[in-house]
Amino acid sequence: MNSAFDQLSIPLRRAITEMGYQKPSPIQTQAIAPILAGRDVMGCAQTGTGKTAAFALPLLHRLEQAHTATLPGRPRVLILAPTRELAAQIGESVRAYSVYQTISSAVIFGGVSLNPQIEALRKGVTVLVATPGRLLDLCTQRVLSLEAVQSVVLDEADRMLDMGFLPDIRKILERLPERRQSLFFSATLSPAVTELAQSFIRTKPVVIRVDPGEPAVERIRQRVYFVDKEKKYSLLKWVLDNPHCFRVIVFPRMKHGADRLCKQLSRDGFPAAALHGDKSQGARLRALEDFRSGKIQVLVATDIAARGIDVDDVTHVVNYDLPDEPETYVHRIGRTARAGAGGEAISLVCAHDRQALREIERFIGRGIPQEQEQPFHSEAARTAMGADAIRPKRSGHNRSGARPSVHRSSTQAASGALYPPRSRGTKPTQTPFYARRKPC
Ligand code: ADP
Ligand code: MG
């Protein structure tokens, strides 16, 4: 009886046991007790460390104990998320955790029709998950009031700032009651994030920093493939041809690049979908669902659209174009090796990428091994990096030739299927799911 989960109600414990949560992650261990006690919490932890359960479980427990009726349009718990996908994911988790409770929840975000959301609010929603813009719209239309909010969660606060949500968050804060529980989560703590935390949190918070041990980048097999620009696409197809690359996220630089690449891939027999901000909400959700279920092999995504997406068993991340910001590289490759699975990150590097590659390597503190034994290798691109740019390290793990290394989920090994269905129960679990993140 010394797990943070033991403090939770029986319905909650039953739900998470059925979901396969055996032990709390570090952030859950540290956050559940203070949140149950009504304290404010400020948590710094990367994505994939189990933050949703860290705040949702104790909040659901408190709601269950309180037995207070929820009035129409007056939620008691408000969870703010930066993107529609993240809001939808949190909503799904909340529904799954509360499956044996009688607590109503709803998710609201922009880009879809208002009416069903208004209808849901009218019926009375206890836990509301929302993106800032749509939340304010509904407040302005007076179908939603934040006056009854007892606990508010700001998830992925740094992303919120990156995405320019600060003015919206300020307006939301004005509508919240002074007396409330405030929970604030961010992967990084820049001065701007800390300032936002100070205006958001009302009382002296419990500060939790999760150091998941070995940084994620140490855990992911990273490779640089040198290639001339005009051969990039052929190299990508060659990479994707490997049957072990069965759930792959490809990052091009631009939205229109994503659409073009997606079309080409589909035409060439690689089931693909694009995920970016110009897609309709329905198309984005469908793309994610098809990717999760294994219906498509490749998700071609832009950085913003991919942030925080929780899809397990992503076997490979391919940087079709290197990102401009080195931090983005870490975010991108962090899409693989989630939830205890292995993963590989491949970067296609051309001669003009010299500076970007240097910055990434400086940021992660080491040279990325080079894979030269591939049919589209460009010696010109490699030498353009200069002798000091990358420590000349050759791929050591890949003994089976030049192909991307093998990452097989046990599901796939058992079934031999090319696109096996996602299975949470059978993934390799040598390392806890949260131990693969980069520390704050
Ligand atoms: P974050 O919000 O920190 O990115 P999530 O809450 O999305 O992380 O959790 C990442 C993944 O880990 C999800 O698939 C979630 O179901 C799973 N997970 C969370 N807590 C546990 C746990 N205690 N045991 C096993 N899996 C967990
Ligand atoms: Mg999260």
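In this predicted model, helix H11 is largely enclosed by the rest of the structure, because seven of its nine residues are buried.

- The buried residues of H11 are Lys232, Tyr233, Leu235, Leu236, Trp238, Val239 and Leu240, and a residue is counted as buried when its relative accessible area is under 20%.
- The elements that cover these buried residues include the strands E8 (221–226), E9 (248–251), E11 (298–301), E12 and E13 (344–349), together with helix H12 (255–267).
- Lys232, which belongs to H11 (residues 232–240), has a relative accessible area of 4% and is therefore buried.

**Salt bridges**

- Side chains of opposite charge can pair when their charged atoms come close, and in this model the count comes to 13 salt bridges.
- Lys232 forms one of these salt bridges with Asp321, and the closest N and O atoms of the two are 2.7 Å apart. The pair links distant parts of the chain, since Lys232 lies in helix H11 whereas Asp321 lies in the loop between strand E12 (316–319) and helix H15 (326–333), 89 residues apart. Asp321, with a relative accessible area of 15%, is buried, and Lys232 is buried as well.
- Glu178 and Arg202 also meet through their side chains in a salt bridge, with a distance of 2.7 Å from N to O. This pair too links distant parts of the chain, with Glu178 in the loop between helix H8 (166–175) and strand E6 (181–186), and Arg202 in the loop between helix H9 (191–200) and strand E7 (206–209), 24 residues apart. Glu178 counts as exposed at 58% relative accessibility, while Arg202, at 37%, counts as partly exposed.
- The side chains of Arg292 and Glu289 form a salt bridge in which N and O are 3.8 Å apart. Both residues lie in helix H13 (residues 281–293), where they are three residues apart, or about one turn of the helix. An α-helix has 3.6 residues a turn, so residues three or four places apart point the same way. Arg292 counts as buried at 9% relative accessibility, whereas Glu289 counts as partly exposed at 42%.
- Lys237, Arg267 and Asp268 are joined with one another in a network of salt bridges.

**Helices H2 and H3**

- Two packed helices are described by the angle between their axes and the distance between the axes.
- Helix H2 (residues 26–36) packs with helix H3 (residues 51–66) at an angle of about 25°, and their axes are 9 Å apart. H2 is therefore roughly parallel to H3, and the crossing of the two helices is right-handed.
- On the H2 side, the residues that meet H3 are Ile27, Gln28, Ala31, Ile32, Ile35 and Leu36, and on the H3 side they are Lys51, Ala53, Ala54, Phe55, Pro58, Leu59, His61 and Arg62. By class, the residues of this contact divide into 10 nonpolar, two polar and two charged.

**Helices H3 and H4**

- H3 also packs with helix H4 (residues 84–97), at an angle of about 45° and with the axes 10 Å apart. The two helices are therefore oblique to each other, and H3 passes H4 in a right-handed crossing.
- Thr52, Ala53, Phe55, Ala56, Leu57 and Leu60 in H3 come into contact with Ile90, Ser93, Val94 and Tyr97 in H4. This contact has eight nonpolar and two polar residues, and no charged residues.

Terms used. Residues numbered from 1 in each chain as written. Chains lettered and ligands numbered in written order. Predicted model: local features only at pLDDT ≥ 70, side-chain atom pairs only at ≥ 80, totals over all residues. Heavy atoms only, no water. Axes fitted to C-alpha atoms, helices over the stretch in contact; angles between N-to-C directions. Helix = DSSP H or I, 4+ residues; strand = E, 2+ residues; numbered from the N terminus. Parallel < 35°, antiparallel > 145°, perpendicular 65-115°, else oblique. Left-handed = near helix turned anticlockwise from the far one by under 90°. Contact = heavy atoms within 4.5 Å. Nonpolar A, V, L, I, M, F, W, Y, C, P; charged D, E, K, R; others polar. Salt bridge = Lys/Arg side-chain N within 4 Å of Asp/Glu carboxyl O. Buried < 20%, exposed > 50% of the residue type's maximum accessible area, 1.4 Å probe, protein only.
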